[in-house]
Each structure stands twice: as structure tokens, then as C-alpha cells.
Amino acid sequence: MPRQNPVMDMTTLSALAEPNRMSIVELLRDGPLTVGEIADRLGLRQPQASKHLKVLSDNGIVEVKAEANRRIYKLRPKPFLTLVSWVDSFRNVMEGRFDNLEEYLRELQNKEK
């Protein structure tokens, strides 16, 4: 039975490809932040930060919790677990190829002797 490769949602990668959104994700790695905190730390205007957070939220990368008049954003683990699984599927393939290359090089060395 062939091994099923994990499926990576390309919209997640697209959302993360924008530098400001990637910077937001890197900030949120250390814990939840408000829109204002994110805007201040990245030197963005609050409407810009909100626009990027909406894209991240729409793609399931962050979740928002309302507390009084503040919106607190935090990372959702699922898209990152999916990303790790997807990258690992390539790692497994490449390690197999390196193992085959190592074996082939050993055979060549033995033929030279």
C-alpha cells in the first residue's frame, strides 16, 4: 500500500509568503498580542496590521479573542503541524536518496580497488 503524502494547503503558504504577515507570525510565536502591540512592534499603522491579521485569520493561522475593546491574537497550531508534516515528507524522500547515493559511491570505491 503506497504511503499517503500529507497535503499542504497552498493558501497557508501564500498567506505566510508576505513579509509583514510572516513577521506577525514570528511575533506571535512568543505569545498572544493585541493588534496595537503588533502594529507598534512592527512599525505598522493599526489598519495595516488589522488587514494582515484578517488574512492570517481567514487562512486559519491565527485566532482572535475579544476582551472588552481589545482583540488578542494567537497562533493556531494546526497549520504549523501540517506544514511540519509536509516538510518531513520531503525530508524522508531526500534521506532515502542520500542513502542510495552513499551505497552507490561505496560500490564505485570497491570497483576501483
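Colleague: Does arginine 91 count as buried, exposed or partly exposed, and what is its relative accessibility?

Modeller: Please keep in mind that this is a predicted model. A residue is called buried under 20% relative accessible area and exposed over 50%, with partly exposed in between. Arginine 91 has a relative accessibility of 43%, so it counts as partly exposed.

Colleague: With which residue does the side chain of arginine 91 meet in a salt bridge?

Modeller: For a salt bridge, one looks for a side-chain nitrogen of Lys or Arg within 4 Å of a carboxyl oxygen of Asp or Glu. Here the partner of arginine 91 is aspartate 88, at 2.1 Å from N to O. Both residues belong to helix α5, which covers residues 77-112, and their spacing of three residues is about one turn of the helix. Aspartate 88 has a relative accessible area of 27%, so it too is partly exposed.

Colleague: How many salt bridges does a search of the whole structure find?

Modeller: The search finds five. One of them joins lysine 54 to aspartate 58, with 3.0 Å between the closest N and O atoms. These two residues lie four apart in helix α4 (residues 46-58), again about one turn of the helix. Aspartate 58 is exposed, because its relative accessibility is 54%.

Colleague: Which salt bridge links distant parts of the chain?

Modeller: Consider glutamate 63 and lysine 74, whose closest N and O atoms are 3.7 Å apart. This pair links distant parts of the chain, since glutamate 63 sits in strand β2 (residues 62-67) and lysine 74 in strand β3 (residues 70-75), eleven residues apart. Both count as partly exposed: glutamate 63 has 34% relative accessibility, and lysine 74 has 40%. Together with Arg76, Glu63 and Lys74 are linked in a network of salt bridges.

Colleague: Is histidine 52 buried or exposed, and which residues does it touch?

Modeller: Histidine 52 is found in helix α4. Its relative accessibility is 10%, so histidine 52 counts as buried. Leaving aside residues up to four places away in sequence, histidine 52 touches Glu18, Asn20, Arg21, Ile24 and Leu44.

Colleague: What share of the residues of the protein chain count as buried, and how much area does the chain expose?

Modeller: Of the 113 residues, 24% count as buried. The protein chain exposes about 8400 Å², and carbon and sulfur atoms supply 53% of that area. As for contacts with a separation of 6 or more, 51% are made by residues 24 or more positions apart.

Colleague: How many positive and negative side chains does the protein chain have, and how far apart do the centres of the two sets lie?

Modeller: There are 18 positive and 16 negative side chains. The centres of the two sets lie 6 Å apart.

Technical notes: Residues are numbered from 1 along each chain as its sequence is written. This is a predicted model: local features need pLDDT of at least 70, side-chain atom pairs count only at pLDDT 80 or more; totals for chains, interfaces and linings use all residues. Side-chain values use heavy atoms; hydrogens and water are left out. Buried means under 20% relative accessible area, exposed over 50%, partly exposed in between (1.4 Å probe, protein chains only). Contact means heavy atoms within 4.5 Å. Accessible areas come from the Shrake-Rupley method with a 1.4 Å probe; for residues, only the protein chains shown count as cover. Lys and Arg count as positive and Asp and Glu as negative; His and the chain ends are not counted. The place of a charge is taken as NZ of Lys, CZ of Arg, CG of Asp or CD of Glu.
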